[in-house]
Amino acid sequence: MEIEELIRETKVYNCVECGECTANCPVSWFETDYSPRAIAKRALEGLIDAREEKIWSCMSCEICSDRCPSAVDYPKFIWGLRAEALKSGIAEEAYVNELEQLFLNGERDGDIGIVREMTAGKMSIAGQDGGIVTSLLTAGMEKGLFESAIVVHRADGFKAKAITTEDVEDIIKAKGSKYQFAPTVERMVEAVLEGGKKKIAIVALPCSIYGIRRIQKAHPEVELYSIGLFCFENFYYEVLKPLVSELLGVDLGLADKIDVKKGKFVVDIEGESKVCAVGEIDKAVRASCVFCTDFTARLADISVGSVGSPDGFSTVITRSTKGEELFGLLKGEEKGLETTSVDHDEIAKLVSLKRKRGVEELEKLKI
Ligand code: SF4
Ligand code: SF4
Ligand code: SF4
């Protein structure tokens, strides 16, 4: 694909330089020299190529394309430039490694990234699997490690909504995976810039953790505890809801829980589990997810997910001293943490599958 073709396919030529993208981009709010509007303009002037370092700032949140009045698919445009960069030997790895060195410390595992401790854990509190994320947040808040937490609630049925809260009850209400992207980084930036918050915990997807680390690199004064969730892909609610109704005959908005496990998409509703193959809901997958290669949230202080653990447990990977400090709050006999071993190979398999898909999809975009 020629760069002109990439510009055409992603409708960058439609750009009217309104600046909505830059005004709403959470990365631009902190990395003030990063501007999707300016990059689109320079692309139209023939001044952009894959050596442009700023193409690595984007965290694929798709806020810019949601707000663009001209339907410019800026995230896909960036993925196209990244594909070209990879072809020229400029790898995302270099940017990830730099952030790992800045924020993490532990042993390197070739599949999983930096690891201090990896275990399967379970708390008595209800959650998606082992109740670990809810327990980490409530324990950290009660201990005063952070004053606010950014979590994702259900709103309008099963639609994901990112909120900032200081209330433990709100944290408990956020339990359970939504399998949708929610603008957690936008909430975090607001909490810092508008709310004057200094100490924050955030639960976020691997792509958002990447953005958070870029922001922290530019602003080390932002004190964060980041909990990254394992993520293979996520879905557009507006597409998923009618699809679930068609395939499973149920209203996703009324579901008690949704889960993706071992190739199945499962909706728990009114005491029953409705199941279809995850491949059947492919058309609801977020556009950016097919290019993404991070399954285990490699840059988080703690990564949590169900893969690699027995039913009812969550895999917990601590990657930094902050992560270790937070997970330490759940340890000790009276805290009720049960642990067992993790199946490393099961995680490695998903890491490799996701990486393979990302690389193949990027190959198709090479200009
Ligand atoms: S929002 Fe769309 S039209 Fe406006 S500057 Fe950004 S890319 Fe261009
Ligand atoms: S996808 Fe998100 S991070 Fe990337 S330019 Fe758009 S708003 Fe900014
Ligand atoms: S697959 Fe990647 S881009 Fe998609 S939501 Fe998960 S971490 Fe983000």
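Predicted model: local features only at pLDDT ≥ 70, side-chain atom pairs only at ≥ 80, totals over all residues.

Before clicking anything, here is a rule for the first stop: a charge sits over a ring if NZ of Lys or CZ of Arg is within 6 Å of the ring centre and within 35 degrees of the ring normal. With that in mind, select K322 and Y225: K322 lies over the face of Y225, at 4.7 Å from the ring centre. Then pick R286 and F181, where R286 covers the ring face of F181 at 4.3 Å from the centre.

Residues are numbered from 1 along each chain as its sequence is written, chains are lettered from A and ligands numbered from 1 in the order in which they are written, and side-chain values use heavy atoms, with hydrogens and water left out.

Next, ring on ring. Rings of Phe, Tyr and Trp (its six-membered ring) pair if their centres lie within 6.5 Å; planes under 30 degrees apart are stacked, over 60 edge-to-face, and the rest tilted. That rule gives six aromatic pairs. Select one of them, F230 with F295: this pair is tilted, with 5.2 Å between centres and 50° between planes. (Helices are DSSP runs of H or I with at least four residues, strands runs of E with at least two, numbered from the N terminus.)

F230 is buried at 13%, and F295 is buried at 4%.

Stay in the loop between β10 and β11 and select A297. Its phi is positive, about 55°, although A297 is not a glycine; at 0% relative accessibility, A297 is buried too. Now jump to S60, in the loop between α4 (36-44) and α5 (63-67). S60 also has a positive phi, near 60°, and counts as buried at 5%.

Last stop: ligand 1. Show the residues near the ligand (a heavy atom within 4 Å), and the shell includes C15, C18, C21, R37 and C68. By class, the shell residues split into seven nonpolar, two polar and three charged.

Note on methods. Nonpolar A, V, L, I, M, F, W, Y, C, P; charged D, E, K, R; others polar. Buried < 20%, exposed > 50% of the residue type's maximum accessible area, 1.4 Å probe, protein only.
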